[in-house]
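Keep the viewer open as you read.

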Amino acid sequence: MSNLFDDVPRALAAERIDVLLDTPTIRLERIVSSGHATPRGEWYDQTRDEWVVVLRGRARVRIEGEAEERALSVGDHLLLRAHVRHRVEWTETPTVWLALHYSASDATAGRQS
């Protein structure tokens, strides 16, 4: 894939995740959602931090402990720290995300004091 908007289907049985870069320290994904949401009663609880940005479409994300869902549209981004439980409540058809997964220690490893 040479363009993030190549091959964006409108109808999908499940979210489509295309891995763009995968190294020992980071993983970069393009995610295409087509009306998808996290199944009821389920939460994501990831071991790494995740930064996501909506490139196309709209979505609503719920973070455990927050009273309101977060509405995201084109250009909106969100940092989800490791082990902060969250779920996708709704996505527009299609929604294209860019997701960067990394460990907090990875981000600070190159810093000198």
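Start with threonine 38, which is buried, because its relative accessible area is 6% and the cut-off for buried is under 20%. Keep in mind as you look around that this is a predicted model. You'll find threonine 38 in the loop between E2 and E3. What is threonine 38 in contact with, leaving aside its neighbours within four places in sequence? The list is Trp43, Tyr44, Arg87 and Val88.

Stay in that loop, which runs between strand E2 (26-33) and strand E3 (49-56), and pick out serine 34. Serine 34 counts as buried too, since its relative accessible area is 13%. Skip the neighbours within four places in sequence, and serine 34 is in contact with Arg10, Ala11, Leu12, Thr91, Glu92 and Thr93.

As a reminder, most residues other than glycine have a negative phi, and most peptide bonds are trans. Now look at the bond joining threonine 93 and proline 94: this peptide bond is cis, with omega at about -20 degrees. Proline 94 itself sits in the loop between strand E7 (86-91) and strand E8 (95-102).

Next come the phi angles. Histidine 83 is not a glycine, yet its phi is positive, at about 65 degrees. To find histidine 83, go to the loop between strand E6 (77-80) and E7. Aspartate 7 is another residue other than glycine with a positive phi, in this case near 55 degrees. Aspartate 7 belongs to the segment before strand E1 (16-22).

Is aspartate 7 buried or exposed? It counts as exposed, because its relative accessibility is 52% and the cut-off for exposed is over 50%. Methionine 1 is also found in the segment before E1, and it is exposed because its relative accessible area is 53%. Together with Leu20 and Leu21, Met1 makes a nonpolar surface patch of about 260 Å².

Back to aspartate 7, which has a charged partner. Side chains of opposite charge can pair when their charged atoms come close. Aspartate 7 forms a salt bridge with arginine 16, and the closest N and O atoms are 2.9 Å apart. Arginine 16 counts as partly exposed, since its relative accessible area is 24%.

How many salt bridges does a search of the whole structure find? The answer is 13. One of them pairs the side chains of arginine 27 and glutamate 29, at 2.7 Å from N to O. The two partners fall into separate classes: arginine 27 is partly exposed because its relative accessibility is 26%, whereas glutamate 29 is buried because its value is 8%.

Now compare that with arginine 70 and glutamate 66, whose salt bridge has its closest N and O atoms 2.6 Å apart. Arginine 70 is partly exposed, with a relative accessible area of 33%, and glutamate 66 is partly exposed as well, at 29%. Elsewhere, salt bridges that share partners join Arg60, Arg62, Glu69, Arg87 and Glu89 into one network. Arg87 brings us back to where we began, as it is among the contacts of threonine 38.

Terms used: Residues numbered from 1 in each chain as written. Predicted model: local features only at pLDDT ≥ 70, side-chain atom pairs only at ≥ 80, totals over all residues. Heavy atoms only, no water. Helix = DSSP H or I, 4+ residues; strand = E, 2+ residues; numbered from the N terminus. Buried < 20%, exposed > 50% of the residue type's maximum accessible area, 1.4 Å probe, protein only. Contact = heavy atoms within 4.5 Å. Patch = residues over 30% accessible without salt bridge, like charges linked within 9 Å, V, L, I, M, F, W, Y side chains within 5 Å. Areas by Shrake-Rupley, 256 points an atom, 1.4 Å probe, with all protein chains shown as cover. Salt bridge = Lys/Arg side-chain N within 4 Å of Asp/Glu carboxyl O.
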